[in-house]
Amino acid sequence: RLRAAGLEDRFRYLGVIDRLQKLDFFRSISLLSVPAVQAEPKGLFALEALAAGVPVVLPAHGAFPELLAATGGGLLFQPNDASDCASKLAVLLRDPESAHHLGQQGRAGLLATRTSHHAAAELDGILKARLLSGQP
């Protein structure tokens, strides 16, 4: 598709990175923004950034509003609004201290709400409620 669109020279596949390379990548950036057009149901890349203490600037759709409400680790912009995205990026790029604070807040919020222990406890509660109500 890239070739057919005349965009082949604008893309370079670098392969899959391992965990250490990913951590190095997150250490090398001051914030992460992926202006996804489609609503992301999970936003794994955002979770990874927050776990690394990197603040995010994301569109206000899909999983992102809930994720940032729970963690406080970034800013939302209006979906498909490049100007709003740029303005939110500028806020954090002009104030590295605030960006760092959001990254740390996001990491703490993520660890407080989105670990495997939280998921297991939530699943345990659901299963117990179903057993008590007689549901299969």
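**The sheet and what surrounds it**

Author: Let's start with the sheet: three strands form an open sheet in the order E1-E2-E3, and their pairing is parallel. The edge strands are E1 and strand E3 (74-77), since each pairs on one side only. Two strands count as paired if DSSP finds at least two bridges between them, while helices (H or I, at least four residues) and strands (E, at least two) are DSSP runs, numbered from the N terminus.

Reader: Before we go on, what kind of model is this?

Author: This is a predicted model, where local features need pLDDT of at least 70, side-chain atom pairs count only at pLDDT 80 or more, and totals for chains, interfaces and linings use all residues. Residues are numbered from 1 along each chain as its sequence is written, and side-chain values use heavy atoms, with hydrogens and water left out.

Reader: ok, back to the strands. How many bridges do E2 and E3 pair over?

Author: Four bridges, in the parallel sense. Val 56 stands opposite Gly 74 in E3.

Reader: New topic: which residues are buried in helix H2?

Author: In H2 (residues 44-51), they are Ala 46, Ala 49 and Leu 50. Buried means under 20% relative accessible area, exposed means over 50%, and partly exposed is in between (1.4 Å probe, protein chains only).

Reader: And why are they on the same side of H2?

Author: Because they cover an arc of only 95° around the axis; that arc is the one spanned by the directions from the helix axis to the C-beta atoms. An α-helix has 3.6 residues a turn, so residues three or four places apart point the same way.

Reader: So what covers the buried residues of H2?

Author: The cover includes H1, strand E1 (32-33), strand E2 (56-59), helix H3 (64-71) and H5. Contact here means heavy atoms within 4.5 Å.

Reader: What comes after H2?

Author: Gly 53 follows H2, and its phi is positive, near 80°. Ala 52 sits in the loop between H2 and E2, and it counts as partly exposed, at 36% relative accessibility.

Reader: Which residue has a positive phi although it is not a glycine?

Author: Asn 80, with a phi of about 60°. You'll find Asn 80 in the loop between E3 and H4, and at 60% relative accessibility it counts as exposed.

Reader: What does Ser 30 touch?

Author: Leaving out residues up to four places away in sequence, Ser 30 touches Val 54, Pro 55 and Leu 93. Ser 30 is in the loop between H1 and E1. Ser 30 and Pro 55 are 25 residues apart in sequence and 7.4 Å apart in space, C-alpha to C-alpha.
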